[in-house]
Amino acid sequence: MHSSESTLQQDTGKPLAAIIIGAGFAGIGMAIALQRAGVHDFVLLERSHDVGGVWRDNSYPGAACDVPSHLYSFSFEPNPNWSSTFAPQAEIHAYLQHCARKYALAPHIRFGAEVANARYDEDRAQWRVTLKDGSTLRAALLISGTGQLSKPAMPRIPGLDSYKGHAFHSARWDHSYSLAGKRVAVIGTGASAIQFVPAIADKVGKLSVFQRSPAYIIPRPDKPYGSLSRMVFRHLPWAMKLHRAAIYVRYEARALAFTRLHGLMRYAVAKPFHKLLARQVPDAALRAKLVPDYPIGCKRLLLSSEYLAAVSKPNVDLVTDGIRRVTETGVETVDGTHHTVDAIVYGTGFAATEFLSPMRITGRAGVDLNDAWRRGAQAYLGLTVPGFPNFFMLYGPNTNLGHNSIVYMLESQIAHVMRCCKAMRMAGASTIEVDERRYKRFNVGIQQRLSNSVWSGCKSWYVDENGHNSTNWPGFTLSYRWLTRHTSLNAYRFTQPLPQGGAIVAAPADTEERVTASLLRGLLRLSFRTLIGPPFGAKFQRGVVSLLSALMPGVGGVIRYRDVVGNIPVEIVAPKRGDLDGVVLYLHGGAFCLGSPTTHRSITTRLAVESGMPVWVPDYRLAPEHPYPAALEDALACYQVLRNKGYAPDRILIAGDSAGGALALSLALALKQRDAQAPAGLLLISPVTDGALNGTSLATRRHADPMIRKAWLEQGLHWYRAVLPDPLQADLRGLPPILIQVGDQEVLLSDSTRLAEHAAACGVTCRLEVHAARWHVFHLQSFYLRSAREAIRTLAGFAQACVMSSASTAASATRARTAYSCDQPESSGSAATTGPTASVSNATATECLCP
Ligand SMILES: Cc1cc2nc3c(=O)[nH]c(=O)nc-3n(C[C@H](O)[C@H](O)[C@H](O)COP(=O)(O)OP(=O)(O)OC[C@H]3O[C@@H](n4cnc5c(N)ncnc54)[C@H](O)[C@@H]3O)c2cc1C
């Protein structure tokens, strides 16, 4: 299918629903799925001028699939006309052209459109894709279908460019050049070479096959389908389905040998290999050269009934000495022999571990995918990476197979992408992003399973330079399908950007979370909202809060101890694991009159575990016994103790919830007033920011809020008698990056939204997260709610990024790049410090810009 360039809009037009890159099996399958789901505003970008992917490019003589075609094709588009068990390349290519035609994909495909880079625009929740010609497109979703085997790999041999004869890679076969009667060198003996060597052996004059390492080769039982079989398949579709199912079961069973019962390889591979070798290679010396010295299956198993016979031919020479260099006229081996040839064919395979390269994919906060993959490519289900919202990779890391059809895997992935799209729609979200922890856990599991597989026994193209196997799936294709189709979508976070910046975070949609949230809402409404506030006194309210907090436990993995610092009792929650040199000063909420380190353990312990940093929780003096400025003085004193203990300001995060959030802000402003160096960041959960209680949500969320009555806020503020530096009016310039989290069902919602707007106006980097269907400091219920645990994890990630960013800026001016990495702003509102000793590191803190 060679379509003319379609007229698709550029960046200036309306953003598309999706951009798919690549028109191979993956891209075509994805496009069809979108069409079928009624999504029509998408574009498929293909750098070449036809569909087909590897089946367009690999037109070398003898090219064919090595998984039977009735399985190596789309399940929804069976083809009764396959000519043989393993269809030749031209037929597979024609099949893909037929699919594109039948499903009317031409208007969506843009040929000659090579994607150079893609950058995620966080404010718009869109991907901006730039093509090699400089044109740009925007879309909500970016789906790559660029394959693992679409980049031919050239060997690193000295003198490659000096060769004056004819040379090409097997994936770019030069059909205009006749090999007839020529002296030809074939470098490489992988899957492609074993197909084209027998196909050209009889035509060429002399064939020198340069082998670095032999492969286990088993017969390929190829048979033509007679006209009767094809007629049966045409008229009895169920017979064709049955045939496909039988092939599937046969191939799927092989996964056992690859991943669990390696001993089976002896029967399934070693025996047939040696039998074939004995039959086709009479010369014992040649036979010896063809026997691999690594465990069976470790490198790709090859299927051919002709290759071994071909290398036995008199005009074929199997060269096993290493190649020293390529000369102007041929190939020189390490033993000094020069092989003069008219042509060289590189059968050296593909750069399988260089996923997506040379495209540059930049995610949230400017994080480059290559940086995220410094230790090897990996993805959740091979599809998604944290920090790269709305981005799916088809045939991504660890989804290659040694035993079955990639098209089967692709169909599982495509169905998963469609599931995610549906879930986004239902959550009213415009972004989807995999949770970092689920991503890490999934990949640790994958690598553990791979370490027990046959692929861990040698060096192969499955493994990258760091020894990381980023290509293969370590199990059954059926288990992969089950995971992609049926595992919960809890691994993903769904959000919707707010027009003023920040995002609405959708509540998890699973039944357990919904029911739990409803029960908690009811419990809080009956207990907290009813009993906290007037007409009850402080003592009674503190008793109720103590009882309720017993129902909100923290987590293990921490060491808790009490200390008295500068007359202030402090609970220190230190994580058992974690070596980040930072600390969180956490100021608990409770309208300045309630609460203690004990009542907030459900937050502080998780924050410590997730951030890997100790959390200091001062038991500051409460009103009405100790009105303003007692609490602020205690917070300041505690901060000073941290400084005295050697924590530099850019290692300290100030955090707080509700009135504690107000205290955290007051503390940051007090430090600024004293010209002290700014801390690393501020973490604010539903902070009180308007002492006059003028926020509109006090009225609009009055009934929705299950926790807070306005009367309680009035009581608390009255008891505290605060003379707060109104943060909504104050000059916030010079404050460190702020992350605010608030529930959309709370009366204090507008305190947060107004603070975020004001902070932005002051040039302070501030990210606002409004959690849908959640209430005031829902984090306290983290024992029950996944949404609360994830929110705390986000706070922890932000805290880590701010500390790491400060550290790396101070050390080498290189910026930390994590999902919440801090970045350098264009201009930092650096009016903060003038103190000579503080200025350098304060610049560090104020230059830190978090998303
Ligand atoms: C010779 C050969 C034989 C194989 N045989 C089998 C087999 O028998 N069974 C099996 O399961 N698997 C086989 N495979 C693996 C094969 O890669 C997959 O089965 C499948 O074809 C992958 O499809 P894909 O669409 O993901 O990738 P590809 O087919 O590689 O298609 C990727 C497409 O993306 C395009 N592209 C890449 N980068 C860009 C860019 N920056 N901008 C725009 N377009 C871009 C490419 O031009 C290409 O068209 C074989 C592979 C090869 C090379």
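In what order do the 3 strands of the open sheet come, and is their pairing parallel or antiparallel?

Modeller: Happy to! This is a predicted model, with local features needing pLDDT of at least 70 and side-chain atom pairs pLDDT 80 or more, while totals for chains, interfaces and linings use all residues. Numbering starts from 1 along each chain as its sequence is written.

The open sheet has the order E13-E14-E15, with antiparallel pairing (strands are DSSP runs of at least two residues and helices, H or I, of at least four, numbered from the N terminus; two strands pair if DSSP finds at least two bridges between them). Its edges are E13 (323-326) and E15 (338-340), each of which pairs on one side only. From one strand to the next, the twist averages 20° (axes are lines fitted to C-alpha atoms, with angles from 0 to 180 degrees between N-to-C directions). E14, residues 330-333, meets E15 over 3 bridges in the antiparallel sense. Within that pairing, Val331 has His339 of E15 as its bridge partner.

Now the ligand. Of the 32 residues around the ligand, those that come nearest are Gly22, Gly24, Gly53, Cys65 and Gly147 (near means a backbone-placed C-beta atom within 6 Å). Helix H1 (25-36) and strand E2 (42-46) each give at least two residues to this shell, and H1 has the largest share, 3 residues.
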